[in-house]
Amino acid sequence: MREVAMMRNTHSVRGPVVPSRGPVRPLGTDEVRIAGGFWATRQRVNGETTLGHALEWMDRLGWTGNFATAANGTGSRERKGREFSDSEVYKLVEAMSWEHGRAPNDELNAQINALTTMIAAAQDDDGYLHTAFGRDWQRPRYGDLAWGHELYCVGHLLQAAVARTRTAGDGQLLHVARRAADHVCDTFGPDSTGICGHPEIETGLVELARLTGEQRYLDQAALFVDRRGHRSLPAHEFGWAYFNDDVPVRKATVLRGHAVRALYLACGAVDVAVETGDDDLLEAVAAQFDRTWARRTHITGGMGSRHQDEAFGDDFVLPADRAYAETCASVATVMLAQRLLLATGDSRFADRADRVLHNMIATAIGDDGRSFFYANTLHQRVPAQLNGDGERLDVGGGLRAPWFEVSCCLPNLARLLASLSSYLVTADDTGLHVRQYADCDVDTRLVDGLPIGLRVRTSYPDGGDVTVRVTRSGGPWSITLRVPDWATGAVLVVDDERRPVAPGDVVLTREWAVGQEIRLELPMRPRFVWPDPRIDAVRGCVAVERGPLVMCAESLGEHDLDAVRVCTGTEPEQAGDGAVVRALVEAPLESPWPYGEPSARPGTPVPLHLTPYHRWARRGPSTMRIWLPTT
């Protein structure tokens with residue numbers, strides 16, 4: 001690991017994760033503005049539609065009303081929603097806070113204030129806050145740490161308060177969060193052994209410590225991380241690994257168990273490691289993520305291959321048609337990759353975030369912002385069915401649904417999209433690092449006060465052109481561009497001089513003049529990608545990628561995709577934002593027994609059109625597959 005830099009002041013930075021030390025620092029949502037293109041459209045839909053859609057559903061189902069009932073005990077005492085539904089309200093408040101900070105809106109601000117008042121009224125005198133436990137007609141507090149999600153919900157409350165404070169200043173929600181955090185520290189301090197079955201409190205406590213300077217919040221987060229892995233939670237049919245309570249964090253070699261739990265815990269462990277200077281812990285988590293990326297991650301960047309327990313499978317157990325790849329796990333993967341990037345400065349973590357953003361986050365949300373995937377399959381064998389407008393009880397297959405009984409994913413997507421600009425560019429003492437390519441405007445100062453600015457314009461991810469123009473400058477500084485790990489053959493153009501650049505970071509240091517431009521040309525020709533032969537489920541198959549995008553074959557009835565065989569002797573060709581490959585459609589052979597001797601089947605040559613995976617299931621019920629059998 002690279003040495004961490006000196007401690008720095010983080011109080012003025014607007015962003016969801018703001019470490020107090022590290023080789024690079026994030027830029028806030030006020031320093032980087034998404035100005036157009038691929039992500040601006042999604043941010044706009046998120047702010048104009050998704051936030052209101054989520055609030056409407058939470059009101060309709062009584063999830064917000066739980067707080068009013070808990071506060072005054074009047075009306076029906078039948079609580080609505082699952083035991084963790086409080087957290088969805090908190091994530092929505094966080095998303096609203098980032099959005100209001102990005103694009104101030106009086107109506108949105110009033111909604112945040114109303115929700116905050118409602119939440120505050122439900123808080124007990126000692127700081128405890130949960131609408132499902134602790135009252136005369138409810139189960140006792142902390143009587144079910146494995147499944148109660150009480151601390152998990154508080155973690156999301158703390159993150160919401162951090163977002164609100166960083167975008168609107170000190171207010172009521174921060175007061176509620178501090179009282180809740182103080183209660184957690186008083187209840188689960190050094191004399192306790194308790195942990196929550198679902199990690200999340202750790203990241204909330206550390207970020208609140210960064211915001212307030214309160215040491216006890218950081219100390220409590222460190223206690224929770226160190227307690228994990230000693231099998232203190234009750235035995236369960238999915239095993240202790242499900243809760244990441246099987247092996248201490250420092251001794252684990254790979255992420256395992258419930259994917260979202262594992263990734264949230266890893267985020268919290270990185271936060272603790274950075275703030276305490278614990279390089280051993282940081283290296284342990286980075287190594288776990290590296291091994292997980294190499295052995296337990298789908299080509300889309302999706303994590304989690306088992307539906308039963310929403311969990312990672314063993315190494316190389318990555319079935320396409322049973323991929324779980326929960327959307328929340330993708331949000332958590334971006335969170336983890338960003339934390340490790342800030343902690344190490346290593347651009348491999350930006351590469352990982354890039355893959356997940358363009359192939360998972362962009363896929364999950366519908367064009368209208370009112371529907372989403374919970375699980376993200378890589379192979380739809382039969383046409384997905386329309387789900388209607390009701391609450392959906394299952395989470396796998398089908399088209400994007402407007403709401404699920406468990407709807408953790410939509411507010412998770414919303415908070416990431418609203419704060420996405422803080423993931424695009426980082427800074428160090430010498431200059432700026434452009435980590436993710438999107439149309440954006442950057443305006444900031446270096447630690448010595450030098451004002452610097454950039455204007456980034458690109459057709460990425462559909463095109464490979466990236467133009468970076470200097471908009472503010474007053475002395476020598478550096479601009480670092482990331483050449484993605486797939487981009488062999490990239491070309492850099494500076495002052496009309498062209499030169500090839502290899503994948504990795506390209507650092508340019510000089511006294512930049514306002515108006516000076518850098519152009520990066522990334523190769524976007526479609527390419528075949530073969531799986532590791534140890535991935536039994538897709539052995540003998542091939543996928544196609546174009547730039548950062550994974551392609552898929554989608555059929556609305558024109559082809560039986562399970563009868564398609566791709567001819568890899570001819571390279572794929574670009575077709576619009578997709579690709580075309582040569583393929584054979586083989587005539588199916590019906591048999592009373594599907595096993596026996598291989599038989600030659602005549603095939604009909606066809607051009608098979610592929611589309612970016614993030615576009616699938618947007619034209620109606622269809623079949624789809626990413627991994628295609630070869631001839």
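Which residues line the largest cavity? The structure is a predicted model, in which local features need pLDDT of at least 70, side-chain atom pairs count only at pLDDT 80 or more, and totals for chains, interfaces and linings use all residues. Residues are numbered from 1 along each chain as its sequence is written, and side-chain values use heavy atoms, with hydrogens and water left out.

**View 1. Lining of the largest cavity.** The largest cavity is lined by P16, E94, W98, Q159, V331, M335, R339, N412, R415, L416, S419 and Y423. A cavity is a set of points, on a 1 Å grid over the protein atoms alone, where a 1.4 Å probe fits but cannot get out; lining residues have an atom within 4 Å of a point. Two or more lining residues come from each of α3 (85–102), α11 and α13 (409–418). Helices are DSSP runs of H or I of at least four residues, and strands are runs of E of at least two, numbered from the N terminus. The lining comprises six nonpolar, three polar and three charged residues. Here Ala, Val, Leu, Ile, Met, Phe, Trp, Tyr, Cys and Pro count as nonpolar, Asp, Glu, Lys and Arg as charged, and the others, Gly among them, as polar. The volume of this largest cavity is about 100 Å³, and six cavities of 30 Å³ or more are counted. A volume is the space filled by probe spheres set on the points, with grid points joined across faces, edges and corners.

**View 2. Lining of the second largest cavity.** The second largest cavity has a volume of about 70 Å³. Its lining includes N244, R256, A262, L265, A266, V285 and Q288. Helix α9 gives the largest share, three residues. The lining divides into nine nonpolar, two polar and one charged residue.

**View 3. Packing of α9 against α11.** The axes of α9 (residues 259–276) and α11 (residues 327–344) come within 9 Å and cross at roughly 20°. This makes α9 roughly parallel to α11, a term for angles under 35 degrees. Axes are lines fitted to C-alpha atoms, for helices over the stretch in contact, with angles from 0 to 180 degrees between N-to-C directions. Among the α9 residues that meet α11 are L263, C267 and V270, and the α11 residues include A332, M335 and R339; contact means heavy atoms within 4.5 Å.

**View 4. Backbone of two loops.** The peptide bond from Y460 to P461 is cis, with omega near 10°. P461 is found in the loop between β7 (451–458) and β8 (465–472). R231, although not a glycine, has a positive phi of about 55°.

Terms used: Angles under 35 degrees count as roughly parallel, over 145 as roughly antiparallel, 65 to 115 as roughly perpendicular and the rest as oblique. On a 1 Å grid over the protein atoms alone, a cavity is a set of points where a 1.4 Å probe fits but cannot get out, and a pocket is an open set with protein on both sides within 12 Å along at least five of seven lines; lining residues have an atom within 4 Å of a point.
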